[in-house]
Amino acid sequence: MSASAGLPLLITTGEPAGVGPELVLMLAAQGRLPEQTVAIGDLTMLRERAAALGLDVTLVQASPGQPVMATAGALPVWPVALRAPVTPGVLDPANASYVLATLELAVSACQAGEAAAMVTAPLHKGVIIEGGYSGFTGHTEWLRDACEVDDVVMMLATDAALHASAPGWQGSADLRVALVTTHLPLREVADAITFERVTHISRLLAADLTRQFGIAAPRIAVCGLNPHAGEEGHLGREELDIITPALDALRAEGMDIQGPLPADTLFTPRHLAGVDAVLAMYHDQGLAVLKYAGFGQAANITLGLPLVRTSVDHGTALDLAGKGVADPGSLGVALALARRLANQRSNAAC
Ligand SMILES: NC(=O)C1=CN([C@@H]2O[C@H](COP(=O)(O)OP(=O)(O)OC[C@H]3O[C@@H](n4cnc5c(N)ncnc54)[C@H](O)[C@@H]3O)[C@@H](O)[C@H]2O)C=CC1
Ligand SMILES: NCC(=O)COP(=O)(O)O
């Protein structure tokens, strides 16, 4: 048994007006949460949401350091109090500090060795900013700062190991997409593509494909930034001036990395064959394809952290919140992946 096996798997329930709380409750009611799962959020709000949706789940107050009681049909909750009442679908900036408090509790428990891993239900970036946190751009960057590491990598994956148990799966297998830049206005992306950033993110990606995914010599394919990877400089010079020199330097270090390749054809079966991960230059270049291939059966993993964090492949879906119709598939995938990665880490540490 791995050292993490007895430790709770934490789920932060995310934006209280979004679908996060009900997705956790749906999986709990369906008996689809992994053992030792603990939710973090407002106990009363969760009880009311379960009752409103007719979900049969008993929510039990618990606290960090306490053993998790494995009772069928019960979900332990580490409580964090809402700052203002919630209506599903209606954002309130007053609850921004509540959402961040759930993250702080999860990170501190992981750092204290009181939890195996954290899985985050979606939060709403805009309302956190409107709640007074002007520099906030997402969990990924917040976790980088909270864990005091210099950089992290956002990677979304829909690989065979993740969706193997999904009945009727129709998507593509084994696609992992990591990003050089994450939550930036498109206008700022080109300036953020530097030799240092491309090399640093590529090294972090390769290191965690080995450390977390057990791929001894990862094969990475890198997208260009511009159409047709810049068309020999006629459609942009970032490929010639920045990305190609960066990839040459990485190859000289021994990394198996190809590119920059035109992003529109990189995501086709012939180019993806034998590739462990694609490195995209910006958010929608990579994630639109990933979500086309596996929305609902993909997970988001933050690479480069000292703790295990996974998340869903979707956002707060305010249009669906409180209706009980959102798909909990990605949350299930994120939970299973977090448990697997936590077990691997603790086995490696033994
Ligand atoms: N991990 C996280 O915390 C994430 C947070 N977000 C945030 O969520 C907010 C809303 O973002 P949007 O771009 O509108 O994306 P979104 O994923 O919330 O919604 C986009 C579309 O997908 C649908 N959808 C989303 N989740 C679904 C589910 N579980 N089942 C069925 N349909 C689902 C929605 O109904 C909507 O039509 C933003 O603030 C964004 O930053 C977005 C992605 C991840
Ligand atoms: N599209 C992915 C996304 O926005 C995830 O953001 P976060 O995990 O950094 O909050």
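I worked on a predicted model, where local features need pLDDT of at least 70, side-chain atom pairs count only at pLDDT 80 or more, and totals for chains, interfaces and linings use all residues. Residues are numbered from 1 along each chain as its sequence is written, chains are lettered from A and ligands numbered from 1 in the order in which they are written, and side-chain values use heavy atoms, with hydrogens and water left out.

**Ligand 1.** I looked up its surroundings first. I found 15 residues around ligand 1, the closest being K125, G315, A317, D319 and D327. A residue counts here if one of its heavy atoms lies within 4 Å of the molecule. By class, I noted six nonpolar, six polar and three charged residues in the shell. Ala, Val, Leu, Ile, Met, Phe, Trp, Tyr, Cys and Pro count as nonpolar, Asp, Glu, Lys and Arg as charged, and the others, Gly among them, as polar.

Next I checked polar contacts (pairs of N or O atoms within 3.5 Å; within protein, one must be able to donate a hydrogen and the other to accept it, and residues adjacent in sequence count only if both atoms are side-chain atoms). A polar backbone atom of G315 sits 2.7 Å from a ligand 1 oxygen. D319 uses a polar side-chain atom, 2.9 Å from an oxygen of ligand 1. At D327, a polar backbone atom is 2.9 Å from a ligand 1 nitrogen. Alone, ligand 1 exposes 810 Å², and the protein buries 65% of that. These areas come from the Shrake-Rupley method with a 1.4 Å probe.

**N95.** I placed N95 in the loop between β4 (74-79) and α3 (96-111). Helices (H or I, at least four residues) and strands (E, at least two) are DSSP runs, numbered from the N terminus. Is N95 buried or exposed? It is buried, at 2% relative accessible area. Buried means under 20%, exposed over 50%, partly exposed in between (1.4 Å probe, protein chains only). The N95 side chain reaches the backbone nitrogen of R83 at 2.8 Å.

**Salt bridges.** I counted seven (a side-chain nitrogen of Lys or Arg within 4 Å of a carboxyl oxygen of Asp or Glu). R197 pairs with D151 at 2.9 Å. That pair links helix α8 to the loop between α5 and β6, 46 residues apart. R197 is partly exposed at 23%, whereas D151 is buried at 12%. R219 pairs with D276 at 3.2 Å. Here strand β8 is linked to the loop between α11 and β10, 57 residues apart.
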